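Here is a short tour of one protein model, written for someone who likes to know the cut-offs. Take a look at the structure, then read on.

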Amino acid sequence: MSMGKPLPHDAAPLHVTGQARYVDDIPLPGNALHLAFGLSTIAHGDVTALDLSEVRAAPGVVAVYGPQDFDEVPDCSPSAHDEPMISTGPVHYLGMPLFLVAADSHLAARKAARLAKVSYAEKPALLTVDDALAANSRFEDGPVIWVKGDAARAIDAAPHQVEGRFEVGGQEHFYLEGQVAACLPLEGGDLLVHSSTQHPSEIQHKVAHALHLPMSAVRVEVRRMGGGFGGKESQGNALAIACAVVASRTGRPAKMRYDRDDDMMITGKRHDLRILYRAGFDDQGKLTGVDFTHLFRCGWAQDLSLPVADRAMLHADNCYHLPDIRIESHRLKTHTQSATAFRGFGGPQGMVGIERVMDHVAHTLGCDPLEVRRVNFYAAMVGGDLPGGEASLADTAPDRPPVDDEVDLTSRGAIAATPGGASPPQSIGSSNQWRNQWTTPESIFAKMNAAGQSTPFFMPVEDFIGHELVGRLVETSDYAARRAAIAAWNATSPILKRGIALTPVKFGISFTLTHLNQAGALVHVYQDGSIHLNHGGTEMGQGLFQKVAQVAAGVFGVDPAVVKITATDTAKVPNTSATAASSGSDLNGMAARAACITIRDRMAEFVAGKHQADPASVRFEGGVVKVAGEVYDFARVAMWAYQARVSLSSTGFYATPKLQWDRKAGKGRPFLYFAYGAAVTEVVIDTLTGENRILRADLLHDTGSSLNSALDIGQIEGAYVQGAGWLTTEELVWDGKGRLTTHAPSTYKIPACSDRPDVFNVALWGQPNREDTVGRSKAVGEPPFMLGISALYALSDAVAACGPGYPALDAPATAERVLAAVGRVRGDV
């Protein structure tokens, strides 16, 4: 069986030898054109004059396109149709494209784009959430509000209360391969687009719309990306459209690649926000009521801000049962880059807020934050859909609700909103002491409702494993002894202070726009027994193609090396959903499996007929086919089937079941299941400078029955480092004019190799998913990103050792912020 084997990434040898081909490596005909945008130098105003004469006269320039060269400037938005490819006059942020240059080289296009003479009527810019609130500048009529219980009453009646304000910074994707696209004109006006995108069908849709073509006239191919992290879900639209426009008008191939500076100036980042919180709790730290206000800075265009802000609300509980909660979310419009999807898609922003509350409560009570976290956990899972488990009443929910005809079918739920209201191990060390003993035989759904064990959006939490998982990590990381040792060390160390924190993760898996939870695949078995696999997912280094190939190989009982992995291609598999929401393996693995089973069953029926055997008795394993006591090579059976005119090609399709979600009301089941994890991080800070280091990290993550443990561990390691980077070193800074000053690696600090923990322990939980996913696995793309939250609260713990005050660390907790927090807790400021 190939599923579960820790095989290396299929393209690893190509990556390390430089042979892996990316869009910029694809040879183009010698007459290809290279494109660049001319960018605005103000954040808000109107273009009063645009003189492009020197641009047109520049060496190597073939064509220049301003707004007057279009009857209608093409739209690049994934949602609200509010992103023109180039400005039509108004300027909405510093770095907004104003015109397009096509030249015979990349350098010539970039040099020429700087020669434009632009005059502006500058206007005051809204740059902060305070500016936007004062101007009531937002993407909806008012805040979106979800309410469960009576938070205000519960907080006021509680023995203790805390409240605070928490600034959470954004994050640059910093993929190794920047945004890039190329377009080749074909006969009859058709186009072939190569794009570094997570969403080929959206590129197809937007290019077709821009050129008034049917989608069938536009083919999009994606072999691989050099990283994506959500930054290539919608931000590649402008480049692909620009290439298609130029290719269509000139009849010549066109390519566009952003330089790193241009990439960071033009494209969106993770949403930054301010979180206001108020909470009530008892003497044990049990929360009685919580009130959150999320103030999201969304930038100039809607992009995917609405579903991002929604997902922050969906994860405002993390692992904690909050019976009385109110969440108010403002999606604010500012004159900055349009914030976009980033790994976790708002979930990290929601999760870090409730973890701040837990940390603040623990400090107020003077106890270990872990104990506060544990006392607020959801009840433990007591059954499941695995054999011998207990089925949920949620199984009766409709598979797919009606589709709203007004929804942009390529978006991730970015439609306008109206305000609105397998069984776990029986014993893992000493973790059973944390198990909530719910053992009555009624359904899980009824249990959850009877005890109020549902999320703030009223989804019963049926699969919670936090008690057992955290219990195991406490033991394997030696958390208790280390915490005591750190306290003793801090008592004798006046300059350097250490800190430790354990934070859990509960992350929902599925697109919140229900109709995107579907995937297709195309599989061919050739007469020599080789297998061709294509599906709608895209490869950005995460190992999706290898995992799906292992699924296909498992169905046929062959070595994964037999399966040829091919580029994602809208001409082979149509109507693809973005490779996002951690759904790549879940969706495409099941679709490929369905296609393979269809072909395998045909082959089984054929070979069984030759031996007068039952098709169900035929076995495909170890590269051979076993039937009626005979053993044949898989390739021989494939040849026989071909000669007998048996079809050896099939499509496969999968749609995620059980989903039912009303985003306007904030109620329902948007997720098929939750993925869990926990991390212990130990840090040290220098109280004289604020400089800090991560010393050790212990991670335990729930991947279900892993499809490939080697790839999953790599994903978890990378996600933790990226999450810790978001909360410690990666600071985005805009000046008073709206210019991004951290627009290059010289000023924007992603974690380097030396920033990873010297001691870095990663383990997998190893229990199968209770839901019927491919191989009973769980998603691993986004959930481990939030393990990095433990680094922020370890820093908070270290700062708290400096004095009696609460650190109230904002994120990212740079050296400057750590130093300021040390001063606050000591009462120096």
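## Ground rules

A residue is called buried when its relative accessible area is under 20%, exposed when over 50%, and partly exposed in between, using a 1.4 Å probe and protein chains only. Helices (H or I, at least four residues) and strands (E, at least two) are DSSP runs, numbered from the N terminus.

This is a predicted model, in which local features need pLDDT of at least 70 and side-chain atom pairs count only at pLDDT 80 or more, while totals for chains, interfaces and linings use all residues. Residues are numbered from 1 along each chain as its sequence is written, and side-chain values use heavy atoms, leaving out hydrogens and water.

## Helix α15

Helix α15 is mostly covered, with 13 of its 13 residues buried. Spanning residues 544-556, α15 reaches 19 Å from first C-alpha to last, close to the expected 18 Å (1.5 Å times one less than the number of residues). Just after α15, G557 takes a positive phi of about 65°.

## Nonpolar cores

A nonpolar core is a set of buried Ala, Val, Leu, Ile, Met, Phe, Trp, Tyr and Cys residues joined through side-chain atoms within 4.5 Å. The largest has 153 residues, and L287, F292 and V352 have the most contacts inside it. Helix α16 (residues 584-610) supplies the largest share of this core, twelve residues. A second, separate core of 42 residues includes A242 and M256.

## Around M85

M85 sits in the loop between β3 (61-65) and β4 (90-91) and is buried, at 1% relative accessible area. Its contacts (heavy atoms within 4.5 Å) beyond four places in sequence include F37, P97 and A242.
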